[in-house]
Amino acid sequence: MTRAVLFVGHRFNNRVSLVSELELEDAKIEGGEAGGEFNLEQLYLRFNLNASHYLTAGLFIPRIGIINENHLPTTFNGNDRPYTEKLVIPSTWREMGIGFYGTSSRLTGLSYSAALINGLNASEFESESGIRAGRQGGKMATATNLAITGSLVYNTGDLRAGISAYYGGSTGLSQREADSLLLDNGAFSTPVILTEANIIYSKPLFTLKTLGAIISIPDAKKLNRAYAGNTASMMFGGYFEAGINLLHAFNYKGDQKLDLFARAEIINLNAELPDNGISNEINEKTFFITGLQYFPAKGVVIKADYTLRNTGEPNSDLIINPFPEALPYYKSNGFFNIGAGYSF
Amino acid sequence: MACAGMAITLPLLNGCSTPSQLIQASLNGDELQVPLTAFADKNYVIVRSKQLEFDVFVKKETDGTYKALLMRCTHRNNPVQRTSAGFVCHEHGSRFNEQGKVLTEPAVKNLTELPITINQSYINIKYRLP
């Protein structure tokens, strides 16, 4: 079982409310065994300024990309969320901080957000997962480095277009620690810059989605010198997805849905490397996913899909201690996935 | 002129050239009063009160009747925003059409319709959170 999430909220009054989500991954946690995680996905207080603006304070999910905020199983196609929004945008990405959210009264359909959150921890960056392992997620999180994010989303007719950006320090060390590692020190030192744009076009019969994201780490060379994480100075990813509601195509008007979808993704986690980085073509990936989603009732989905993953050749120079019984690596590999999900 | 310039260069931003549909109203007991004159030059208004957490969308239908929808997403009780095609909740992406019917999950229930009564010059909306 991938995950189960329990939502608990409380409304203190018209102005103040609590939002929390508790997540259990892999069904159970046992000491000494791999897998299993119990975490707070969100825990924040929300302060309404008026009917269209509010503040958040605590552990929350900033508005970056499509999936980060809208990651419920009934809202995305396939058993796995888009890989671009896992490996480039490290969804579900939550951090401690304060956020401001609003919608425009003058420009119908425009919404915006801004947030000040704790930054990433670059000592955890990994070549094969980008910045993902550097998320603090509220666990022993420090605010010695900070990040700012902002987003604009515009809805008009059946079209939704969004852009977002993230700029944050990634080291957060004291002066002494930074000096010893030859790193800069300060709230926004050794910055990670992420920019992203996305478009969704939805009709009752079909939906089209596309997203592109790029990460720049100008001081990746300093990070590699300090932590030997083989961090790239640029990573990018993007996808295009099309889905059709087959029952609607046959003039069915009830609550059930049967969607056929296909998604193509391209990801490069070592698009640019500093001169102390080592190229690994395994980080150049493409995915093609196609499948069916059946909604027997609103809020319930049964999923079946096939995923074809292609990568470059692994760099054998990076395998320092080869495992004698290691399984062969397939540059082209396919997976069948079947699952079910719900949300209410 | 700024709006005209934007209309030429960014035709998607059509909201810029429309008059604001937002009107303020005060709560009288548990009722909001909206003057019928508010619909003289528009077919819908968004009613806001400083005393209330959510706006109310009031539409004049083509047959002359009125309908009031609570602008609160039925998924996690976040405010929804009016768009040119209906409503959207930015928190989790739920979409509703202009009648409040769910178009896109995760919301599974339609927007709440609030009871209204009409006297000679006002629409009275009973504001209650389900």
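The paragraphs below lead through the model, from its confidence to its domains, strands, cores and chain contacts.

This is a predicted model, in which local features need pLDDT of at least 70 and side-chain atom pairs count only at pLDDT 80 or more, while totals for chains, interfaces and linings use all residues. Residues are numbered from 1 along each chain as its sequence is written, and chains are lettered from A and ligands numbered from 1 in the order in which they are written. The model as a whole scores ipTM 0.82 and pTM 0.89.

Chain A is divided into domain 1 (1-44) and domain 2 (52-342), with bounds that come from an automatic or database domain assignment. The centres of these two domains of chain A, taken over C-alpha atoms, are separated by 20 Å. Where they meet, six residues of domain 1 of chain A are in contact with 10 residues of domain 2 of chain A.

Helices (H or I, at least four residues) and strands (E, at least two) are DSSP runs numbered from the N terminus, and two strands pair if DSSP finds at least two bridges between them. In chain A, strand S10 (residues 206-216) pairs with strand S11 (residues 234-245) in the antiparallel sense over 11 bridges, and Ile214(A) stands opposite Phe236(A) in S11(A). S11(A) also pairs in the antiparallel sense with strand S12 (residues 257-272) of chain A, over 11 bridges, with Ile244(A) opposite Leu260(A) in S12(A).

The largest nonpolar core has 43 residues, of which Val88(A), Ile89(A), Val192(A), Leu194(A) and Ile215(A) touch the most other members. Such a core is a set of buried Ala, Val, Leu, Ile, Met, Phe, Trp, Tyr and Cys residues joined through C-beta atoms within 7 Å; a residue is buried if 20 or more other C-beta atoms lie within 10 Å of its own, exposed if 12 or fewer, and partly exposed in between, with C-beta atoms placed from the backbone. Among the elements of chain A that give two or more residues to this core are S10, S11, S12 and helix H3 (220-227). Apart from this core lies another, of 28 residues, including Val56(B), Val80(B), Cys89(B) and Val102(B). In H3(A), the buried residues are Ala220(A), Lys222(A), Leu223(A), Asn224(A) and Ala226(A), and the helix is followed by Ala228(A), whose phi is positive, near 55 degrees.

In chain B, strand S4 (residues 44-48) is mostly covered, four of its five residues being buried. Strand S1 (residues 22-24) of chain B pairs with S4(B) in the parallel sense over three bridges, and there Ile23(B) has Val47(B) as its bridge partner. S4(B) pairs as well with strand S5 (residues 56-60) of chain B, in the antiparallel sense over four bridges, where the bridge partner of Tyr44(B) is Lys59(B).

Between the chains, 26 residues of chain B are in contact with 27 residues of chain A. On the side of chain B that touches chain A, the largest share, three residues, comes from strand S7 (residues 81-83) of chain B.

Conventions. Two residues are in contact if their C-beta atoms, placed from the backbone, lie within 7 Å.
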